[in-house]
Amino acid sequence: MSTRTPGDQAVAAAVTPEKRIGFKRKAAAYLSLTKPRVIELLLVTTLPTMFFAQGGLPNFWVALATMVGGAFAAGSAGAFNCYLDRDMDQLMNRTKKRPLVTGELTPREALTFASALGAVAITVLWVGANPLAAGLGALAMFFYVVIYTMVLKRRTEQNIIWGGLAGCFPVLIAWAAVREAVEWPALVLFFIIFLWTPPHYWPLSMKYRTDYQNADVPMLGAVASAKTVSVQVVLYSWATVACSLLLIPLGWAGITYSAFALVAGGWFIYESHVLYRRAQNESLTDKRAMKLFHLSILYLTILFIGLWIDPFIGSPLMG
């Protein structure tokens, strides 16, 4: 079966024999295909979860295998996403420099790379951690590639809610790698990220609404008014913070995590209300929307830093 589309042919025509791509540029293109910035964010949640699950220092080799395998799994999913979305990426300013659009990589190269990286990821998780972690890694890739990219992204404005489940799996993988089980605290961490994803991503979709409209992708920020989106952002922000506090009554969270969750959570909610007020009085700008996007990343980072430090300071507050 051919992996080329009419758009691929147009891109290929722009890459003439006189413009052969060198090794460094080719390697950079492969790296770009994995969406490194997304991987960074996923690893921010993975390592602290292993420390929290262990109640201290996890086994070094298990932690290393989990980080490497998790990064490869996320990179594979990102590469598959770029392969499947290469037609719409040509229509969006935000994605027009991706390597399949510029012609630095061919669709066949991208598909081969994504498949090989995914196979290596599962092998590393299986051998270096355990079969449960490997299975969860495979499930994460399936959700992102099939459920989100192939099924939901182009069909529903709720795409990022359910497709975002893939981004929640790193905490389950990390927990399973350390404890060889999925327990209630891991599920709480899973749902924190699940609830956090919409208020994180929707402000971005508000800025790039024209891009998504041109590509006919029904992201909520592109198909609904800022007033409607801002209400959803506030609701999900409150739900995220409330979920983050569940680790306290479950008897797992100590003073450090609790303090980080309360302070960072209060800040996150405040900023979501600022966005809401500006949207309601029609003074919301793309710059202001992007401020919440960036702050949401900082919120999640602070929360998981608290999770990382928590086992070393005091004991659980309850339980």
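Student: Which side-chain oxygen reaches the backbone nitrogen of W61 at the start of α4?
Tutor: A side-chain oxygen of N59 does, coming to within 3.0 Å of that nitrogen. A polar contact is a pair of N or O atoms within 3.5 Å; within protein, one must be able to donate a hydrogen and the other to accept it, and residues adjacent in sequence count only if both atoms are side-chain atoms. This is a predicted model, in which local features need pLDDT of at least 70 and side-chain atom pairs count only at pLDDT 80 or more, while totals for chains, interfaces and linings use all residues. Residues are numbered from 1 along each chain as its sequence is written, and side-chain values use heavy atoms, with hydrogens and water left out.

Student: How many residues does α4 have, and what does it span?
Tutor: Helix α4 (residues 60–84) has 25 residues and reaches 36 Å from its first C-alpha to its last, close to the expected 36 Å at 1.5 Å a residue. The expected span is 1.5 Å times one less than the number of residues. Helices are DSSP runs (H or I, at least four residues), numbered from the N terminus.

Student: Next, at what angle do α14 and α15 pack?
Tutor: Helix α14 (residues 226–244) and helix α15 (residues 255–280) pack at about 170°, with axes 9 Å apart. They are therefore roughly antiparallel, a term for angles over 145 degrees. Axes are lines fitted to C-alpha atoms over the stretch in contact, and angles run from 0 to 180 degrees between N-to-C directions.

Student: Which residue classes make up that contact of α14 with α15?
Tutor: The contact has 13 nonpolar, 8 polar and 1 charged residues. Ala, Val, Leu, Ile, Met, Phe, Trp, Tyr, Cys and Pro count as nonpolar, Asp, Glu, Lys and Arg as charged, and the others, Gly among them, as polar.

Student: And how does α15 pack with α16?
Tutor: The angle between α15 and helix α16 (residues 286–309) is about 170°, and their axes are 8 Å apart. That makes α15 roughly antiparallel to α16. Their contact has 18 nonpolar, 5 polar and 4 charged residues.

Student: Changing topic, is D89 buried or exposed?
Tutor: D89 is buried, as its relative accessible area is 3%; buried means under 20% (1.4 Å probe, protein chains only). D89 lies in helix α5 (residues 86–89).

Student: Which residues does D89 contact, leaving aside neighbours within four places in sequence?
Tutor: D89 is in contact with C82, T95, K96, R98 and V101, where contact means heavy atoms within 4.5 Å.

How values were computed
Helix = DSSP H or I, 4+ residues; strand = E, 2+ residues; numbered from the N terminus. Buried < 20%, exposed > 50% of the residue type's maximum accessible area, 1.4 Å probe, protein only. Parallel < 35°, antiparallel > 145°, perpendicular 65-115°, else oblique.
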